[in-house]
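Hi everyone, thanks for coming. Please have a look at the structure on the screen, and I'll walk you through some parts of it.

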Amino acid sequence: MAASNSFICILLLLLVSTVYANFYNDIEVIWGADNVNIFNNGQNLQLSLNQASGSLIQSKQEFLFGSFNVLLKLVGGNSAGTVTTFYFSSDGEDHDEIDMIMVDGIPIRVFGNHEEVGVAYLNQQAMRAYSSLWDGDQWATQGGSVKIDWSNAPFVASLSNFTVAACTVWNATAINGSLYCSSMADPDYRWNQASYQTSSYGQQGQLAWVRNNYLLYDYCKDLPRFNYTQLPADVTSKSN
């Protein structure tokens, strides 16, 4: 991660009232319990990393669709080699995962629906929210050539203002073995509206700007990863 002292507002649109999550009540620590600090009546949370351990938390609830916002303050100063994450993932070997999608209202990643060509889409498995801070200096900064300066430890990342407007597994309805949040006609569920089914022209332009100025690695152009042979369907579908 590049050095930063600024807050990043992350908006994940997967897509009812908005609820402020309480870190005391709504998350659980997966590892690094000694490096997780919750304060301000559950409104703020800090993850830390030292040479002994990093830290990882997950939401207690699982989500099908929704809008999620969090203020995430990255590690300040020389953070080379450290990895701060906020993402969603389902469980199991064939799990789905969504990393940061919008930062400060600007889209930085889009996962299109290409089920028609056999690419699995993120609509079959419920996911939990995760956040972590860990040692990634084997690869994280310039391919692992820049290592963590442990004299700066402990490294700290902070989360606050975590808001959720979503359908959880707890309030979903099972129909023919699949989970549904609501009738497609229900206006309260914004993901059913046409404006949430695709990116606007403005968002497409913002995404192109991000890729032109900040993209360091493109999975779709990593031919050695696929042994210079047949590219997988999720790569070839992006050119359609």
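The average pLDDT of the protein is 81, and 78% of the residues score at least 70; pLDDT is the predictor's confidence in each residue, from 0 to 100. That tells you this is a predicted model, where local features need pLDDT of at least 70, side-chain atom pairs count only at pLDDT 80 or more, and totals for chains, interfaces and linings use all residues. Residues are numbered from 1 along each chain as its sequence is written, and side-chain values use heavy atoms, with hydrogens and water left out.

Where does pLDDT stay under 50? One stretch is residues 1–6, for which the model has 19 contacts beyond four places in sequence; contact means heavy atoms within 4.5 Å. Another is residues 13–17, with 20 contacts beyond four places in sequence. Where pLDDT is low, the predicted coordinates should not be read in detail.

Now the overall picture. The secondary structure comes to three helices and 15 strands. Both are DSSP runs numbered from the N terminus: helices are H or I with at least four residues, strands are E with at least two. The protein has 240 residues, and 40% of them count as buried. Buried means under 20% relative accessible area, exposed means over 50%, and partly exposed is in between, using a 1.4 Å probe and protein chains only. The protein exposes about 13800 Å², of which carbon and sulfur atoms supply 51%. Those areas come from the Shrake-Rupley method with a 1.4 Å probe, and for residues only the protein chains shown count as cover.

Let's move to empty space. Rolling a probe the size of a water molecule over the atoms shows where empty space is left. On a 1 Å grid over the protein atoms alone, a cavity is a set of points where a 1.4 Å probe fits but cannot get out, while a pocket is an open set with protein on both sides within 12 Å along at least five of seven lines; lining residues have an atom within 4 Å of a point. Grid points are joined across faces, edges and corners, and a volume is the space filled by probe spheres set on the points.

What is the volume of the largest cavity? About 60 Å³. Its lining includes F23, I27, F86, Y130 and F162. Three strands, β6 (55–59), β12 (128–135) and β13 (155–168), each supply at least two residues of that lining. By class, the lining of the largest cavity has eight nonpolar, three polar and no charged residues. Here Ala, Val, Leu, Ile, Met, Phe, Trp, Tyr, Cys and Pro count as nonpolar, Asp, Glu, Lys and Arg as charged, and the others, Gly among them, as polar.

The second largest pocket holds about 170 Å³ of space. Elements giving two or more residues to its lining are β2 (19–20) and β13, and β13 has the largest share, three residues. Among the lining residues of this pocket are V19, D26, K60 and V164. The classes here are seven nonpolar, three polar and two charged.

Next, some backbone details. Most residues other than glycine have a negative phi, and most peptide bonds are trans. Now look at A153 and P154: a cis peptide bond joins them, with omega about 0 degrees. P154 lies in the loop between β12 and β13. N161, in strand β13, is not a glycine, yet its phi is positive, about 50 degrees. N161 counts as partly exposed because its relative accessibility is 40%. D104 has a positive phi too, near 55 degrees, and lies in the loop between β10 (102–103) and β11 (106–107).

Finally, is T85 buried or exposed? T85 counts as buried, because its relative accessibility is 15%. T85 lies in strand β8 (residues 82–89) and, not counting residues up to four places away in sequence, touches Y130, S131, S132 and W134. G136 is in the loop between β12 and β13, and at 2% relative accessibility G136 counts as buried. With residues up to four places away in sequence left out, G136 touches G81 and V83.
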